[in-house]
Amino acid sequence: MNFQGSRRRGEDGIAMVIDFLLSNARLVLGVGGAAMLGIATLAVKRLIERAGRAADDEKVEQKMAESWEELGLVSASPTLIKKGIKGVVMKHVAKATKQQKADLCQQPQASPLEVESKPESKSKRIQLCVLSLQDRLQQYYHTRAALAPQEVQRAQSLALDICTEIQGFLHSRHPDMPLGEMSLGGSLLDDLQVVSADHACLLVPLQLEASLWRLIPGEETLLTHPLHWMVRRINLEYFPRGRSYWDRYLVGGYLSAEAVMNMFSKAVMETINWPSISSTLDCLVRPVLGGPDLRLEIQPESHLDGAESTDPPLFISMLPLLREDDVALTCQPELTSPWVNAWHLSLYPWETQRLAQLDTADDGCRRHTLKILKAVCKLNPALRALEAAPLANLILHLSDSESDWSEGSLDARFQQCITELIGYLEQGALHSYFKPAVNLLSGLSEDQVDQMGFMMYCAVSEPEILLI
């Protein structure tokens with residue numbers, strides 16, 4: 001951070017503290033240190049500014065007290081405490097602040113002429129603070145979170161073109177494979193994608209015979225995990241193995257999600273003539289091999305000529321799934337590993353539908369708030385590990401206790417989400433709205449929780465730091 005302005009006596013002490021933080025950022029903060037450092041030094045900068053504006057001892061004491069409350073946020077970070085920086089930083093800041101206070105008290109009062117000579121700088125400071133949090137949130141939504149309609153249309157069009165090509169190929173090469181109509185799904189379709197339209201999801205529904213297969217809830221399986229369902233082959237005494245197309249992917253009497261995923265990987269990713277499809281669609285289409293999912297990378301047409309493009313690549317994921325009533329089981333071995341027979345119960349449709357119902361009933365801003373939180377987490381290195389599911393469930397839980405979700409209360413709900421999230425991070429648990437046995441924060445490491453908690457603690461008094 002670059003603090004500009006004339007040098008006064010006592011500033012050397014504060015500058016020494018900031019130099020200390022800057023020079024030791026890598027050592028004490030590690031990954032995401034740039035974001036953390038900005039917050040830690042922000043409190044120090046505000047201390048200097050407030051103390052500098054004070055004219056007498058009483059104001060100095062008042063301003064120092066306010067600044068020390070903010071500096072207390074630095075000590076709230078478990079990461080900094082564990083790394084031993086808390087005591088060092090506070091020691092240097094305290095020493096420098098005493099010197100700053102003494103020098104300020106000795107400075108002569110500024111003459112009226114000098115005060116009147118700086119109206120322009122004062123007006124600039126006022127202009128910087130003119131936007132309220134409500135205005136900043138609306139501005140952030142329209143400039144960062146919301147996507148341009150033409151960008152969404154371009155991504156959807158490309159995804160549907162790819163969908164048509166894949167479905168046509170499967171029908172011609174595997175005419176006996178019982179598949180439903182492939183369709184576009186996920187956040188791009190539901191207008192919940194933020195920052196850029198860079199990913200899409202193609203749903204590939206598998207058709208099972210109701211008399212031959214039974215979907216077993218996770219709680220009833222040996223895995224006892226509420227999101228790990230299994231698909232059992234039944235009535236083998238009447239309909240022996242081979243009567244169903246999907247019998248070839250049985251493992252131990254259950255339809256194996258891993259076997260189905262491997263089949264689609266070979267049948268689609270490794271077999272389709274992607275260069276031919278690229279020339280047909282005027283863009284570069286190539287499979288992303290070696291990952292746990294079925295993913296395609298779509299580059300803009302300018303890449304075909306070797307030219308650079310400002311448009312980001314679009315990643316399209318194929319997602320085989322099973323549907324029965326309102327239950328959707330997805331084939332995602334990366335979420336159910338190491339269980340080869342487990343299918344993942346997707347709560348996304350329930351969460352999305354519930355948010356839409358609540359907003360429709362009271363003309364609320366829940367989805368609006370969710371998109372802002374998603375954009376904040378996607379653009380902030382310290383919060384990037386926080387995915388959409390915990391944020392959606394955070395808002396659903398908050399909706400049970402808070403009824404005012406009008407556009408005018410967006411700032412209050414945003415600040416309330418920050419406070420609620422701090423509490424969940426401190427507990428290390430945010431339970432799913434529809435499946436309370438599921439902890440949506442269980443995948444985070446201790447260090448990630450520390451970094452997120454520190455950032456959120458700082459945002460309690462300065463929520464604008466999340467909107468930078």
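Which residues in helix 9 meet which residues in helix 15? The structure is a predicted model, in which local features need pLDDT of at least 70, side-chain atom pairs count only at pLDDT 80 or more, and totals for chains, interfaces and linings use all residues. Residues are numbered from 1 along each chain as its sequence is written, and side-chain values use heavy atoms, with hydrogens and water left out.

From helix 9, Leu-137, Gln-138, Tyr-140, Tyr-141, Arg-144 and Ala-145 take part. They meet His-368, Lys-371, Ile-372, Ala-375, Val-376 and Leu-379 of helix 15. Contact means heavy atoms within 4.5 Å. By class, this contact of helix 9 with helix 15 has 8 nonpolar, 2 polar and 2 charged residues. Ala, Val, Leu, Ile, Met, Phe, Trp, Tyr, Cys and Pro count as nonpolar, Asp, Glu, Lys and Arg as charged, and the others, Gly among them, as polar.

Two packed helices are described by the angle between their axes and the distance between the axes. Axes are lines fitted to C-alpha atoms, for helices over the stretch in contact, and angles run from 0 to 180 degrees between N-to-C directions. The axes of helix 9 (residues 133-145) and helix 15 (residues 366-379) cross at roughly 65° and come within 10 Å. Helix 9 is therefore roughly perpendicular to helix 15, a term for angles of 65 to 115 degrees. The crossing of helix 9 with helix 15 is left-handed, that is, the near helix is turned anticlockwise from the far one by less than a right angle.

Helix 15 also packs on helix 16 (residues 388-401), at an angle of about 145° and with the axes 10 Å apart. Arg-366, Thr-369, Leu-370, Leu-373, Lys-374 and Cys-377 of helix 15 meet Ala-388, Leu-391, Ala-392, Leu-394, Ile-395 and Ser-399 of helix 16. The residues of this contact divide into 8 nonpolar, 2 polar and 2 charged.

Strand 2 (residues 199-205) has 6 of its 7 residues buried, meaning under 20% relative accessible area (1.4 Å probe, protein chains only). Two strands pair if DSSP finds at least two bridges between them. Strand 1 (residues 183-185) runs antiparallel to strand 2, joined by 3 bridges. Leu-184 has Leu-202 as its bridge partner. Strand 2 pairs with strand 9 (residues 314-324) in the parallel sense over 7 bridges. There, Cys-201 stands opposite Ser-317.

The protein chain has 18 helices and 11 strands. Helices (H or I, at least four residues) and strands (E, at least two) are DSSP runs, numbered from the N terminus. Of its 468 residues, 46% count as buried.

Definitions and conventions:
Buried < 20%, exposed > 50% of the residue type's maximum accessible area, 1.4 Å probe, protein only. Parallel < 35°, antiparallel > 145°, perpendicular 65-115°, else oblique.
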